[in-house]
There are 2 protein chains.
Amino acid sequence: MALLVVGSVALDSLETPFGRREDVLGGSASYFSACASFFGPTRVVAVVGEDFPEAHLGFLAARGIDLDGLARRPGRTFRWKGRYEFDLNTAHTLDTQLNVFAQFQPDLPAHYRDSEYVFLGNIDPDLQRAVLDQVRSPRFVGCDTMNFWISSKRESLLRTLERVDMLFVNDAEARQLAEEHNVVKAARRILTFGPRAVVVKRGEYGALYFSGDEVFAASAVPLASVFDPTGAGDSFAGGFMGYLASRDGSLDHGTMRRAIVLGSVLASFTVEQFSLDRLRSLSPREIRVRYAEARRLAHFDDLEADVLLAGTGD
Amino acid sequence: MALLVVGSVALDSLETPFGRREDVLGGSASYFSACASFFGPTRVVAVVGEDFPEAHLGFLAARGIDLDGLARRPGRTFRWKGRYEFDLNTAHTLDTQLNVFAQFQPDLPAHYRDSEYVFLGNIDPDLQRAVLDQVRSPRFVGCDTMNFWISSKRESLLRTLERVDMLFVNDAEARQLAEEHNVVKAARRILTFGPRAVVVKRGEYGALYFSGDEVFAASAVPLASVFDPTGAGDSFAGGFMGYLASRDGSLDHGTMRRAIVLGSVLASFTVEQFSLDRLRSLSPREIRVRYAEARRLAHFDDLEADVLLAGTGD
């Protein structure tokens with residue numbers, strides 16, 4: 001079924017302990033759609049400036065991504081500059097230039113409006129709803145957000161969440177949004193805001209999924225080399241939603257678990273190189289192999305029947 | 001098979017966001033043996049002072065724990081005072097009084113010397129080897145340590161590690177010991193120091209196990225209420241080693257995985273209340289139930305055969 005993403009298509013400048021890059025392809029919609037495209041076509045709603053390299057559009061188009069909703073406007077492309085310390089879990093933003101993104105008013109091409117699966121990337125919650133308003137009957141809506149919107153546009157964000165099926169947040173965002181330190185309690189509180197599921201992303205540790213009484217913990221595949229964590233969250237969402245959209249409407253617990261592991265797997269590839277570089281060479285076979293690896297990593301057998309009989313107590 | 005632990009039996013004073021306690025039962029050997037005792041008898045080597053309450057000894061003895069190697073010496077018991085912020089993953093030590101522990105020279109009762117399973121709690125690595133020297137033919141030696149010994153007695157610690165089968169460390173200790181920031185690389189480096197396996201404990205996130213090419217990630221059971229993380233690491237080791245010692249010498253990958261999950265399960269109970277209080281009421285049935293919960297938490301199915309065919313790429 002058709003999958004739509006709204007978010008940023010950006011030029012990033014990055015400093016990590018392993019090197020730096022200037023004006024490389026970035027943005028939530030870029031990472032999301034590149035990852036989702038392994039599972040099927042993805043429709044992008046975003047805006048770039050006159051300076052945005054044609055080659056980047058060519059890369060996305062070659063992956064079967066529908067760019068009819070990607071507007072090119074006078075001015076410069078959205079730019080983000082960030083730095084990572086040795087603790088690669090935390091990004092320090094050095095500079096944000098909205099540029100053409102400041103006037104962004106999403107206007108969906110007619111053929112986008114029947115999309116069943118919608119991912120609202122991390123943008124102003126007003127704009128997230130403006131996109132939803134243009135989709136006729138979304139079947140499953142995923143949503144990302146960040147500390148900036150949680151603190152500055154909380155009411156608008158809560159209105160968006162009422163229309164969302166699943167929220168993707170990290171630990172800190174979950175705590176801030178729920179105003180509750182314990183992650184389990186925070187997730188349960190967020191479920192009262194509207195979403196029927198929430199994924200709490202925990203960087204190199206993996207992710208927790210909560211929905212009703214269902215709890216699932218996906219361990220991230222431990223990586224010996226992480227170069228650039230930028231886009232990990234959007235890659236996670238792209239793998240998750242891409243898989244879901246390819247499953248003909250199935251939303252049962254087993255499907256959600258596989259989707260979360262695929263999200264984690266796609267994110268694990270993204271961080272192995274700068275920008276979207278690893279995704280350029282990534283093959284479906286590699287995704288399958290790492291999924292199997294994630295399964296071997298996490299699985300263990302039932303306890304033997306004779307255990308826990310030797311000690312005291314009943 | 002017989003299991004022996006050397007470590008501290010202490011009186012702890014704790015401050016957490018949820019309350020405070022003065023002079024409660026603590027110490028690595030207390031937590032370890034209480035958890036291991038669910039699987040079978042455990043022999044304790046430790047020292048306490050004249051002020052150590054009989055009731056605490058009564059509690060341990062009632063759990064079938066062998067206290068013949070627990071010496072009572074003139075002076076005060078080892079005391080530790082710590083504080084936890086809302087981030088319960090990190091303990092801030094406010095005060096440490098070694099007291100009778102300062103002169104501790106482990107001397108094993110004759111019947112301890114045939115122990116097949118040995119856990120060297122977090123004490124001076126010289127003392128860890130002094131204990132090992134008194135065990136005739138240990139089959140499996142587990143070992144804990146901390147930043148203090150890694151920096152102040154590195155050479156001695158490395159001599160201990162040459163005689164150890166499995167090291168239990170947290171992320172920060174693994175990085176410090178291996179002098180390598182990436183946890184995967186750090187674990188692989190530690191395996192070159194002697195141990196054939198290493199467990200990297202990651203607090204509320206779970207634990208990673210490395211041995212040869214085998215990697216296992218155990219997610220911690222997400223808890224809605226964590227009161228006091230003190231003793232989580234020793235409870236983990238106690239559950240792990242207690243189970244292992246009950247398995248008649250089996251050390252295959254499957255057994256190690258179940259042992260790690262049981263360690264994680266025991267730790268998850270310990271942190272639910274102050275001191276060893278939760279362990280006092282804990283039943284084998286509750287351990288089994290939470291083990292099953294940990295399994296439901298972590299498991300997921302194979303990918304369907306038709307996934308990843310819709311996108312581009314090969």
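Predicted model: local features only at pLDDT ≥ 70, side-chain atom pairs only at ≥ 80, totals over all residues.
Where in chain A is the place of Asn99(A)? Residues are numbered from 1 along each chain as its sequence is written, while chains are lettered from A and ligands numbered from 1 in the order in which they are written.

**View 1. Asn99(A) and Asp23(A), two residues with positive phi.** Asn99(A) sits in the loop between strand E7 (91–97) and strand E8 (117–120) of chain A; helices (H or I, at least four residues) and strands (E, at least two) are DSSP runs, numbered from the N terminus. Its phi is positive, about 50 degrees, although Asn99(A) is not a glycine. Asn99(A) is buried, with 20 other C-beta atoms within 10 Å. Here a residue is buried if 20 or more other C-beta atoms lie within 10 Å of its own, exposed if 12 or fewer, and partly exposed in between, with C-beta atoms placed from the backbone. Asp23(A), also not a glycine, has a positive phi near 50 degrees, but its place is in strand E3 (residues 19–26) of chain A. Asp23(A) has 16 C-beta neighbours inside 10 Å and so counts as partly exposed.

**View 2. Val198(A) in the largest nonpolar core.** This core has 218 residues, a nonpolar core being a set of buried Ala, Val, Leu, Ile, Met, Phe, Trp, Tyr and Cys residues joined through C-beta atoms within 7 Å. Ala187(A), Val198(A), Ile260(A), Ala187(B), Val198(B) and Ile260(B) have the most contacts inside it. Look around Val198(A), leaving aside neighbours within four places in sequence, and you will find Met166(A), Leu167(A), Val169(A), Ala187(A), Ile190(A), Leu191(A) and Phe210(A) in contact with it; two residues are in contact if their C-beta atoms, placed from the backbone, lie within 7 Å.

**View 3. Where chain A meets chain B.** Here 49 residues of chain A are in contact with 49 residues of chain B. On chain A, H7 (183–191), E12 (206–211), E13 (214–219), H9 (253–270) and H11 (284–298) each supply at least two residues of this side. The largest share, seven residues, comes from H11(A). Of the interface residues of chain A, 100% are also interface residues in chain B, so the copies meet through the same surface. A rotation of 180 degrees with 0.0 Å of shift along its axis superposes chain A on chain B (RMSD 0.0 Å), by least squares on the C-alpha atoms of residues with pLDDT of at least 70 in both. The two copies are thus related as by a two-fold rotation axis.

**View 4. Helix H1 (residues 28–36) of chain B.** Nine of the nine residues of H1(B) are buried, so this helix is largely enclosed by the rest of the structure. Among them are Tyr31(B), Phe32(B) and Cys35(B).

**View 5. Glu173(B) in helix H6 (residues 171–178) of chain B.** With 23 C-beta neighbours inside 10 Å, Glu173(B) counts as buried. Not counting residues up to four places away in sequence, Glu173(B) touches Thr145(B), Met146(B), Asn147(B) and Ile150(B). The C-alpha atoms of Glu173(B) and Leu297(B), 124 residues apart along the chain, are separated by 28 Å.
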